[in-house]
Amino acid sequence: MENSHTQKDFAERMFQRIKNFGLRCIPVCDELFLKSLSAKNIARQLARSSASSVANYRATRRARSNKEFFSKLSIVIEELDESIFWLEYSIDANFFQEVKLKSLMEEGNEILKILSKSRKTTGELLRKKSSDS
């Protein structure tokens, strides 16, 4: 019972972190949207990927099986990684100074590492169950 409670607490904390990451991306998108046509494209991509990472993480919490959880978590990781890419790309394109987006990218990378470890653990569990069958 205690482990289940701990897992729920972890899932809620992660959801809040991912949601806050997505929310912090919104002003970046808004600012990009005002800059140029190319910046608007980056803004659209960042808005889509950051929101998708939040929505898909929410879906992981309702997964009906470990396989479904693994699949949804993989989508979250992809979308979060893409969001970080668009932040980096906006710096490379000189739309932002790195210092402005540094803490946001650090948070995204930290979440990414945590979720990647969770996916690895789930994958190992799935392989073990598969080999036991």
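Colleague: Is Tyr89 buried, partly exposed or exposed?

Modeller: Keep in mind that this is a predicted model. Buried needs under 20% relative accessible area, and exposed needs over 50%. Tyr89 has 39% relative accessibility, so Tyr89 is partly exposed.

Colleague: Which residues form one aromatic cluster?

Modeller: Phe85 also pairs with Trp86, edge-to-face, at 4.9 Å centre to centre and 70 degrees between the planes. Trp86 is buried at 13% relative accessible area, whereas Phe85 is partly exposed at 38%. The cluster consists of Phe85, Trp86 and Tyr89.

Colleague: Which lysine lies over the face of Phe96?

Modeller: Two lysine placements over rings are worth a look. Lys40 lies over the face of Phe33, at 5.1 Å from the ring centre. For Phe96, the distance to the ring centre is 5.1 Å, and the residue is Lys35.

Colleague: What pattern does the protein chain follow along the sequence?

Modeller: The chain has four helices and zero strands. Of its contacts between residues at least 6 apart in sequence, 74% join residues at least 24 apart. The pattern reads α-α-α-α.

Definitions and conventions
Residues numbered from 1 in each chain as written. Predicted model: local features only at pLDDT ≥ 70, side-chain atom pairs only at ≥ 80, totals over all residues. Heavy atoms only, no water. Helix = DSSP H or I, 4+ residues; strand = E, 2+ residues; numbered from the N terminus. Contact = heavy atoms within 4.5 Å. Phe/Tyr/Trp six-rings, centres within 6.5 Å; stacked < 30°, edge-to-face > 60°. Buried < 20%, exposed > 50% of the residue type's maximum accessible area, 1.4 Å probe, protein only. Lys NZ or Arg CZ within 6 Å of the ring centre and 35° of its normal.
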